[in-house]
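Here is a short briefing on one protein model. Look over the sequence and the 3D view before reading on.

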Amino acid sequence: MPTSSDAEALYASGSYGRALGALESLASHRAITFDEMALKAELLAQTGEINQAMVLSEKLLKQRGLSITSICRLRDAIGS
């Protein structure tokens, strides 16, 4: 089972599609965190799934307790 660290490493190396796949695999085994969902939103945007990225980002930005990194990722995904 992939870990959050695996997805982060793939993201850092520019393998956005593989990172997204790792997150989706992780989500099939357990609930993913807000930070992981923020990474997913950014990965969706990077892989051309703009509408899905915007919907997820706007939903997550309404949540309390997001890290600064997550907020920045979400704003980047929606272009604000």
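The axes of helix α3 (residues 34-46) and helix α4 (residues 50-60) come within 7 Å of each other and cross at roughly 150°. Because angles over 145 degrees count as roughly antiparallel, α3 is roughly antiparallel to α4. Keep in mind that this is a predicted model.

**The α3 and α4 pair**

- The crossing of these two helices, α3 and α4, is left-handed.
- On the α3 side, the contact is made by Phe34, Met37, Ala38, Lys40, Ala41, Leu44 and Ala45.
- On the α4 side, their partners are Ile50, Gln52, Ala53, Leu56, Ser57 and Leu60.
- The residues of this contact between α3 and α4 split into 10 nonpolar, 2 polar and 1 charged.

**The α3 and α5 pair**

- Two packed helices are described by the angle between their axes and the distance between the axes.
- For α3 and α5, the angle is about 25° and the axes are 9 Å apart.
- Angles under 35 degrees count as roughly parallel, so α3 is roughly parallel to α5.
- The crossing of α3 with α5 is left-handed.
- From α3, the residues in this contact are Phe34, Asp35, Ala38, Leu39, Ala41, Glu42 and Ala45.
- From α5, they meet Ser70, Arg73, Leu74, Asp76 and Ala77.
- The residues of the contact of α3 with α5 comprise 7 nonpolar, 1 polar and 4 charged.

**Ser70, a residue in α5**

- Ser70 sits in helix α5, which covers residues 68-78.
- Is Ser70 buried or exposed? Its relative accessible area is 2%. The cut-off for buried is under 20%, so Ser70 is buried.
- Which residues does Ser70 touch, not counting those up to four places away in sequence? Ser70 touches Phe34, Asp35 and Ala38.
- Phe34, Asp35 and Ala38 are also among the α3 residues that meet α5.

**Two loop residues**

- Arg64 is found in the loop between α4 and α5.
- Arg64 has 79% relative accessibility. Exposed means over 50%, so Arg64 counts as exposed.
- Arg64 and Arg30 are 34 residues apart along the chain, and their C-alpha atoms are separated by 21 Å.
- Gly14 lies in another part of the chain, in the loop between α1 (4-12) and α2 (16-27).
- Gly14 has a relative accessible area of 38%. That value lies between the cut-offs of 20% and 50%, so Gly14 is partly exposed.
- How far apart in space are Gly14 and Asp76, which are 62 residues apart in sequence? Their C-alpha atoms are 16 Å apart.
- Asp76 is one of the α5 residues that meet α3.

**The whole protein**

- The secondary structure comes to 5 helices and 0 strands.
- From the N terminus on, the elements run α-α-α-α-α.
- The C-alpha trace spans about 30 × 25 × 20 Å along its principal axes.
- What radius of gyration would a compact globule of 80 residues have? It would be near 12 Å, and the protein has 11 Å, so the two agree.
- Buried residues make up 32% of the 80 residues.
- Take contacts between residues at least 6 apart in sequence: 46% of them join residues at least 24 apart.

Note on methods. Residues numbered from 1 in each chain as written. Predicted model: local features only at pLDDT ≥ 70, side-chain atom pairs only at ≥ 80, totals over all residues. Heavy atoms only, no water. Helix = DSSP H or I, 4+ residues; strand = E, 2+ residues; numbered from the N terminus. Buried < 20%, exposed > 50% of the residue type's maximum accessible area, 1.4 Å probe, protein only. Contact = heavy atoms within 4.5 Å. Axes fitted to C-alpha atoms, helices over the stretch in contact; angles between N-to-C directions. Parallel < 35°, antiparallel > 145°, perpendicular 65-115°, else oblique. Left-handed = near helix turned anticlockwise from the far one by under 90°. Nonpolar A, V, L, I, M, F, W, Y, C, P; charged D, E, K, R; others polar. Rg over C-alpha atoms; globule rule 2.2 N^0.38 Å.
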